[in-house]
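Please keep the sequence and the structure in view while reading.

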Amino acid sequence: GQSGQLYLGANLEFQGVPLNATLHAEQSAVLNAWMHDESELTALYVSETPCGHCRQFLRELANLDKLQIHVRDQVLTLDELLPHAFGNARAKGHSLLDSCPVDFEAVSPEPNTSQQHAINAAQRSYVPYTRSREGFAIECANGQSFSGRAVECAAFNPSVPGFLTALNQRNLSNSRDVAISACTQAKLATAINDPLPCARAVMGAISNVKIDVVQMEAQ
């Protein structure tokens, strides 16, 4: 990252659920940087050339002309990897890493801690195409908690729901093998899409914990 920090990423796959629930390593690393409040990436080091799915996802970053993609002994740009790309490039201040949060409040009574973590994540989600803000919070049996924000892509399919971002943070931590004790999704009451069915399918493959849902409305 521009800050000098290094962010790791790895493939995240789930047994018994559709393959489109997979999180690619490039997405994992970018989301890890985002969840640690990195404002810009300067270089991406990958073990294999990024697939088309990830190339499209990377177009949500504002500094496409400066981002260096290192693959073994090659240094590539996204324009070289994805000529004639779909969608417009994101402007500075309106991209995945640097877009501004939006305030929301719970429709239900005063939220508990887990619900507030999910709401906080939803406020900082990146959803420029549907405006359907969504966040997710995971609590583990050792007391650690992880939150995740939804992120959209112009091509839609490379988009990542909040639960997957949260699972990515858990997977990259020392609690990856610790049992999940609670899950909460926060979503906009007027959202035009809902990742909850997918979240239930994936979470159900790794845990028997039910997902608490809190709806939000704009302040």
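## Basis of the description

A residue is called buried at under 20% relative accessible area, exposed at over 50%, and partly exposed in between, with a 1.4 Å probe and protein chains only. Helices (H or I, at least four residues) and strands (E, at least two) are DSSP runs, numbered from the N terminus.

The model is predicted: local features need pLDDT of at least 70, side-chain atom pairs count only at pLDDT 80 or more, and totals for chains, interfaces and linings use all residues. Residues are numbered from 1 along each chain as its sequence is written, and side-chain values use heavy atoms, with hydrogens and water left out.

## Helix 1

Helix 1 is mostly covered, with ten of its eleven residues buried. These are Glu26, Gln27, Ser28, Ala29, Val30, Leu31, Asn32, Ala33, Trp34 and Met35. Here contact means heavy atoms within 4.5 Å. The buried residues of helix 1 pack against strand 1, helix 2 (52–58), strand 6 (145–149) and helix 5 (162–171). After helix 1 comes Asp37, which has a positive phi near 65°.

## Helix 6

In helix 6 (residues 196–206), the buried residues are Leu196, Ala199, Val202 and Met203. Because they cover an arc of only 130° around the axis, they lie on the same side of helix 6; the arc is that of the directions from the helix axis to the C-beta atoms. Exposed Pro197 and Gly204 are carried on the face of helix 6 turned away from its buried side. The packing partners of the buried residues of helix 6 are strand 5 (134–140), helix 5, strand 7 (180–188) and strand 8 (211–218).

## Nonpolar cores

A nonpolar core is a set of buried Ala, Val, Leu, Ile, Met, Phe, Trp, Tyr and Cys residues joined through side-chain atoms within 4.5 Å. The largest has 45 residues, and Leu61, Leu96, Phe136, Ile138 and Leu167 have the most contacts inside it. Helix 1 provides the largest share of this core, six residues. Another core, of nine residues, lies apart from it and includes Ile119, Ala186, Val214 and Met216.

Leaving aside residues up to four places away in sequence, Ile138 touches Gln144, Ser145, Phe146, Ala166, Leu167, Arg170, Ile180, Ala182, Cys183 and Met203.

## Pockets

On a 1 Å grid over the protein atoms alone, a cavity is a set of points where a 1.4 Å probe fits but cannot get out, and a pocket is an open set with protein on both sides within 12 Å along at least five of seven lines; lining residues have an atom within 4 Å of a point. Grid points are joined across faces, edges and corners, and a volume is the space filled by probe spheres set on the points.

The largest pocket has a volume of about 580 Å³. It is lined by 29 residues, of which Phe156, Asn157, Ser159, Val160 and Pro161 are the closest to its centre. The second largest pocket holds about 450 Å³. Among its 25 lining residues, Tyr7, Ala29, Leu44, Tyr45 and Val46 are the closest to its centre. Helix 1 (25–35) and strand 1 (43–46) each supply at least two residues of this lining, and helix 1 gives the most, with five.

## Enclosed cavity

One cavity of 30 Å³ or more is counted, and the largest cavity has a volume of about 40 Å³. Its lining consists of Ser39, Glu40, Leu61, Ala62, Asn63, Lys92, Ser95, Leu97 and Asp98.
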